[in-house]
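Trainee: Let's take a close look at one part of this model. Keep it brisk, please.

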Amino acid sequence: FNFSPTDIPSFSVVKLSSPQIVTTEPFGWYVPLPTNRLLLSYPEIREFIADRMSEIIANKYGQKISVTGVATGAIAIGAMIAERLSSPYSYVRPEPKGHGLKNQIEGYIEKGSKLVVIEDLISTGKSSLNAIKALRNKNLNVVGILSVFSYNFDFANERFQKENISVNSLADYNTLVEMILAEGSITNSESDRLMEWRKDPQNWS
């Protein structure tokens with residue numbers, strides 16, 4: 001999907017689904033508080049996201065799939081996607097509950113079904129892969145993961161490839177930088193700094 005600053009819903013998705021950009025001191029892993037959960041506050045934007053992500057899933061995996069959201073950020077948007085696809089829905093926690101039934105996975109997933117995991121934000125890939133591991137430990141067939149936004153770090157992509165997981169995102173860091181540069185919010189030199197940071201955030205200075 002191509003995003004354009006003249007397309008209000010798609011531009012809003014990119015801007016609101018990403019962390020606030022700081023071009024002065026993005027040292028190491030430091031990034032400000034993500035704003036991606038503001039997306040759910042705007043009916044037009046959340047509908048747009050659910051519609052477009054549903055299209056991606058239907059085109060890539062077909063209609064007969066199950067949808068699982070990663071808690072907590074992707075629970076709501078995952079449910080909206082499952083509703084559009086008329087698919088079974090579940091969600092997975094970072095770890096099992098400490099009380100009650102102590103479930104880590106909540107909801108019904110038919111054995112043998114193709115499972116698509118929904119994330120709001122992919123950075124290092126750690127939380128996503130943790131969720132996938134929990135699902136696979138239950139002998140569930142995870143065929144891919146789809147996020148609203150991704151930093152598109154090379155090392156994270158390599159982690160998913162190693163686990164044979166197909167990754168798709170509605171918007172990513174490169175698109176964000178290109179958009180805010182096009183609208184004049186940052187300079188070319190600031191854009192260059194932001195792109196350099198993405199290559200090696202842990203050692204960037």
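Trainee: Which residues does Ser54 touch, not counting residues up to four places away in sequence?

Mentor: This is a predicted model, where local features need pLDDT of at least 70, side-chain atom pairs count only at pLDDT 80 or more, and totals for chains, interfaces and linings use all residues. Residues are numbered from 1 along each chain as its sequence is written, and side-chain values use heavy atoms, leaving out hydrogens and water.

Ser54 touches Ile81, Arg84 and Leu85, with residues up to four places away in sequence not counted. Contact means heavy atoms within 4.5 Å. Ser54 sits in helix H2, residues 43-61. Helices (H or I, at least four residues) and strands (E, at least two) are DSSP runs, numbered from the N terminus. Ser54 counts as buried because its relative accessibility is 6%. Buried means under 20% relative accessible area, exposed over 50%, partly exposed in between (1.4 Å probe, protein chains only).

Now for a strand. In E5 (residues 141-150), 9 of 10 residues are buried. Strand E4 (residues 114-122) pairs with E5 in the parallel sense over 8 bridges. Pairing takes at least two DSSP bridges between two strands. Ile118 stands opposite Leu146 in E5. From E4 the chain crosses through helix H4 (residues 126-136) to E5, a right-handed β-α-β crossover. Right-handed means that, with the strands pointing away from the viewer, the path from the first strand over the helix to the second runs clockwise.

E5 also runs parallel to strand E6 (residues 166-172), joined by 6 bridges. Phe149 has Ala171 in E6 as its bridge partner. Here the chain crosses from E5 through helix H5 (residues 154-162) to E6, and this β-α-β crossover is right-handed.
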